[in-house]
Amino acid sequence: MSSPANSSPAPSVYASSHRRRHQVSIGVMMMLLAATSSHRVAFAHDVHQHEIKPVPDQQTYRPSAVPDRICLSMTETPATAMAITWRTDAKTSATIAQYAVAQDGPDFVDDAITVEGTFSRLETDLGAAAYHEVVLTELIPRTKYLYRVGDGVNWSEWSEFQTAASTAQPFSFVYFGDAQNNIKSHWSRVVRNAFRDAPRAAFFLHAGDLINRAESDAEWGQWFGASGFIHRMLPAVAVPGNHEMVKQEDESGSTRRLSRHWKPTFAFPTNGPESLAESCYYIDYQGVRIVCLNSNEQQAEQVAWLEQVLSEAPGWKIVTHHHPIYSASKGRDNPELRDLWQPIYDKHSVDLVLQGHDHTYARSRMMRFQDNAPETTAVKNDVPVGSENVGEGLSKQDADGTVYVVSVSGPKMYDLDPEPFMQSSAERTQLYQIISIVGNRLRYRACTATGRPYDSFQLIRRSGKPNLLIERESTH
């Protein structure tokens, strides 16, 4: 049908279609803009309305069927045995480990041996958990092994450790004073820098106050989180500090007991006094006897045991406990402890004593019990922080005695109380110490949290003579 004579010509199909598409495009754009604007308003509104809250400890440190808090502990025969502990949720009772001699490729799994262990249930302030323990025995001395732990379905990764040699051989280890506070945020860099500085260390030694609140499951979780995989590869050697002790009331009045976390978390030797099982013990490692004492309780009861253990010790003798024989902070002297234990150290020529508690750094010259009373025989003087104090006669090569160290690895700090016995000292400084033993020579190096060398010395054992103490020039 034709158009009327006076009407306008009909638009082309293309023009009509183009105009419709143009109109649709404008409509879509308007809708998108409106949606975007609405979304932005809603998003801003959500941020304003919903406050960011911290994740609860119950969620952060909740155990599962997958093993966590895996820790190696040396037995009293570290050349042929290794203990492994770990945590799971309370429903997981199966306790299984697999291990094999390490190989360069994945075929070691064909030779893996499966062993079962024991578990116990621990009620914590965050709920219940299961703690597992397996002891691997009949291992080959000075050999690398791979192991994993789990319930037979839920496994950890394969991790490596090395057994000790059965004879005296060179080795090194790392020593830490108190971690205690802000473990996740501040101690983590110290322990990780120490591992970077000494990745082939035989073990890490902790002189007490690993945490601040003895029964805080979250703080124990922070301790393991800060050290990451390290204690899955390097055994922990630790003594309890006063912050691993809990006050309690019993028939005799107010007493203190060891944290319920201690024994499930570690698997230390039981060769000490029965009443102090796993908090007082010794380990013989490649020609060195390491004696771990509990300075929190039953100090007198440890004397006879200490006498025997030191009298039978071959080679080097290193002792560790939490409370210092010589305090580095004001008002924290321990004369009763010194009277009990230092004469025994002198009698049996202990080489080195590693301590914590005072949240400062102080390292002595070689000292004997007759030098011991700071309040009477030591004359106060001004010792610049971080400098040596070598008084008349203090660095004689014929000096005798033991070197005492107090150190701190965490961020909690006390003021230094300078004393003449301090060869090197520091305050407000987080440190770790690397100790290496090669034959008749012991090398000691203290480093700050950033890895900067801070203090060092050497002890050289001499037949029929006292150790020779060699001081190095100050690096600070």
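Author: Buried means under 20% relative accessible area, exposed over 50%, and partly exposed in between, with a 1.4 Å probe and protein chains only. This is a predicted model, in which local features need pLDDT of at least 70 and side-chain atom pairs count only at pLDDT 80 or more, while totals for chains, interfaces and linings use all residues. Residues are numbered from 1 along each chain as its sequence is written, and side-chain values use heavy atoms, with hydrogens and water left out.

Reader: Are W223 and F224 buried or exposed?
Author: Both W223 and F224 are buried. They also form an edge-to-face aromatic pair, with 5.1 Å from centre to centre and 85° between the planes. Rings of Phe, Tyr and Trp (its six-membered ring) pair if their centres lie within 6.5 Å; planes under 30 degrees apart count as stacked, over 60 as edge-to-face and the rest as tilted.

Reader: How many aromatic pairs does the structure hold?
Author: The structure holds 26 aromatic pairs. In one of them, the ring centres of F173 and F203 are 4.8 Å apart and the planes lie at 15°, so this pair is stacked.

Reader: Where do F173 and F203 lie?
Author: F173 is in strand 9 (residues 171–176), and F203 is in the loop between helix 3 (183–197) and strand 10 (204–206), so the pair ties together parts that are 30 residues apart in sequence. Both F173 and F203 are buried. Helices (H or I, at least four residues) and strands (E, at least two) are DSSP runs, numbered from the N terminus.

Reader: Which charged end sits over the ring of Y326?
Author: That of R338, 5.6 Å from the ring centre. The charged end of R461 sits over the ring of W316, 5.2 Å from its centre. The criterion is NZ of Lys or CZ of Arg within 6 Å of the ring centre and within 35 degrees of the ring normal.

Reader: Turning to the open sheet, what is the order of its strands?
Author: The seven strands of the open sheet have the order 14-15-16-17-19-18-20, with mixed pairing. Two strands pair if DSSP finds at least two bridges between them. Strand 14 (281–285) and strand 20 (422–426) are the edge strands, each pairing on one side only.

Reader: How many bridges join strand 15 to strand 16?
Author: Five bridges join strand 15 (residues 288–292) to strand 16 (residues 316–320), and the two run parallel. V291 stands opposite V319 in strand 16.
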